[in-house]
Amino acid sequence: MQVAANESAKAKAWVLFDRIVDLAASGGAHSNPWITTSSGGLRFEPDYATLVRLLGVPLYLKAGTQSGVPALAFDVWLSYELRRAGFNSDQVWPRPSHPRILPAPVVALLQSLPRSIRQAVADRVATQTSIRGVTSSSASILGKNYLKQVDVIITDWATGPELLISTKRMDSSYGKNAPNRVEESYGDAKNLRLRHPLAALGFMFGLRSDILEKEPATAEWLFDLLGKLGREDDAYHATCLVLMEYGDESEIPDTGEDESSEGILEPGPELDDASEDLSAVLPKSFVDEEIAMLPSVRILQDETPDELAPGRFLAAMVTRVLGATPVNMHKEARRRRATPDQQ
């Protein structure tokens, strides 16, 4: 069955994703992404080494587009980068461990429980595939007119959504699929922006680099529209392009739309997530051997327009969140930005 195959691919992918992120931030210690340039400016330096390893996972698993795994690699990387920026693990969804969606009030409840029952409740939350209305692997946010599944989120009961990033990925059929992806993204931006005007609203687009040779006119058109999506007053605050280069032997099958994007959404955590958590049963040595076999991926930074560069995008997202909140919130993120490393 296709659904079972997709869930199996996603479960395997999460094990590899989690290990890659764990290796990148050993012991939960994240490097500071902010760097002072030689000219005295401030720059957000993304961890591209971790990104290319994450992007190798769906290629290694041959996970089709309908499984959601190819785009999920970007979600994992963005949440990792936001933790590097100083936002903690429970603030940014998806979290770096199961459950991926865990509302802040639930975290506060767990921390407040007496020790005698805290561990039992925490174990149940961590081991259950999903708990109706509480935990899952994805969540929907209400826009002006309809619910939208958002891929990377910072939100809390007290603040409402502070950051909303949607990700899309396209590895083939560019001329056929590009207009639909851009049209959908523009509509989603207006829908979310009108209800959450203070939230940092962003869009990341992953694109296989062979479009530059196969369909250069489509590439030029797409780059132009992505840039405009990040400049309009009622669309995204920033947009981003990731150009991925990898060999034909590693290409993933185009199995159609990501199944998670289909149908009418319900608010809050998605209730249909049934991915098995394999992290507890697979030894790290086995996972590390699989990571060593990941296909090679390269990010073409020089071919990416400056206004769509990932570093510029992440800087805009973080700065927007900090600018829209009081100085006594997100203290670690503010400290990291104020004390950048030297180039």
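1. A contact, as used throughout, means heavy atoms within 4.5 Å. The model is a predicted one: local features need pLDDT of at least 70, side-chain atom pairs count only at pLDDT 80 or more, and totals for chains, interfaces and linings use all residues. Residues are numbered from 1 along each chain as its sequence is written, and side-chain values use heavy atoms, with hydrogens and water left out.

2. Overall make-up. The chain holds eleven helices and twelve strands. Helices (H or I, at least four residues) and strands (E, at least two) are DSSP runs, numbered from the N terminus. Of the 343 residues in the chain, 52% are buried. Buried means under 20% relative accessible area, exposed means over 50%, and partly exposed is in between (1.4 Å probe, protein chains only). Among contacts between residues at least 6 apart in sequence, 79% join residues at least 24 apart.

3. Pro310. This residue sits in helix H10. Is Pro310 buried or exposed? With a relative accessible area of 5%, Pro310 is buried. Leaving out residues up to four places away in sequence, Pro310 touches Pro46, Tyr48, Trp77, Cys240, Leu241 and Val242. Pro310 and Leu78 are 232 residues apart in sequence, yet their C-alpha atoms are 9.8 Å apart in space.

4. Helices H3 and H10. Two packed helices are described by the angle between their axes and the distance between the axes. Here the axes of H3 (residues 69-84) and H10 come within 11 Å and cross at roughly 60°. That angle makes H3 oblique to H10. Angles under 35 degrees count as roughly parallel, over 145 as roughly antiparallel, 65 to 115 as roughly perpendicular, and the rest as oblique. Axes are lines fitted to C-alpha atoms, for helices over the stretch in contact, and angles run from 0 to 180 degrees between N-to-C directions. H3 contributes Trp77, Leu78, Glu81 and Leu82 to the contact, and H10 contributes Pro310, Phe313, Leu314 and Val318.

5. The three-stranded sheet. Strands in the order E2-E1-E12 form an open sheet with mixed pairing. Two strands pair if DSSP finds at least two bridges between them. The edge strands, each pairing on one side only, are E2 (42-44) and E12 (341-342). E1 (residues 34-36) pairs with E2 in the antiparallel sense over three bridges, and Thr36 stands opposite Leu42 of E2. Helix H10 (residues 310-323) lies across E1 and E2 and runs at about 105° to E2.

6. Asn32. This residue lies in the loop between helix H1 (2-24) and E1. Asn32 counts as buried, at 15% relative accessibility. Which backbone oxygen lies 3.1 Å from a polar atom of the Asn32 side chain? It is the backbone oxygen of Arg336. The backbone oxygen of Thr339 lies 3.2 Å from a polar atom of the Asn32 side chain. A polar contact is a pair of N or O atoms within 3.5 Å; within protein, one must be able to donate a hydrogen and the other to accept it, and residues adjacent in sequence count only if both atoms are side-chain atoms. Apart from neighbours within four places in sequence, Asn32 is in contact with Arg84, Arg336, Thr339, Pro340 and Asp341.

7. The six-stranded sheet. This open sheet has the order E3-E6-E7-E8-E9-E11, and its pairing is mixed. Its edge strands are E3 (92-93) and E11 (298-299), each of which pairs on one side only. E3 pairs with E6 (residues 152-156) in the antiparallel sense over two bridges, with Ile153 in E6 as the bridge partner of Trp93. Helix H8 (residues 216-229) lies across E7 (160-170), E8 (200-208) and E9 (238-245), at about 150° to E9.

8. Backbone points to check. Most residues other than glycine have a negative phi, and most peptide bonds are trans. A cis peptide bond joins Trp93 and Pro94, with omega about 5°; Pro94 is in the loop between E3 and helix H4 (104-112). Lys62, not a glycine, has a positive phi of about 55°. Lys62 is in the loop between helix H2 (48-61) and H3 and, at 41% relative accessibility, counts as partly exposed. Ser173, also not a glycine, has a positive phi of about 50°. Ser173 lies in the loop between E7 and helix H6 (174-195), and is partly exposed, with a relative accessible area of 33%.
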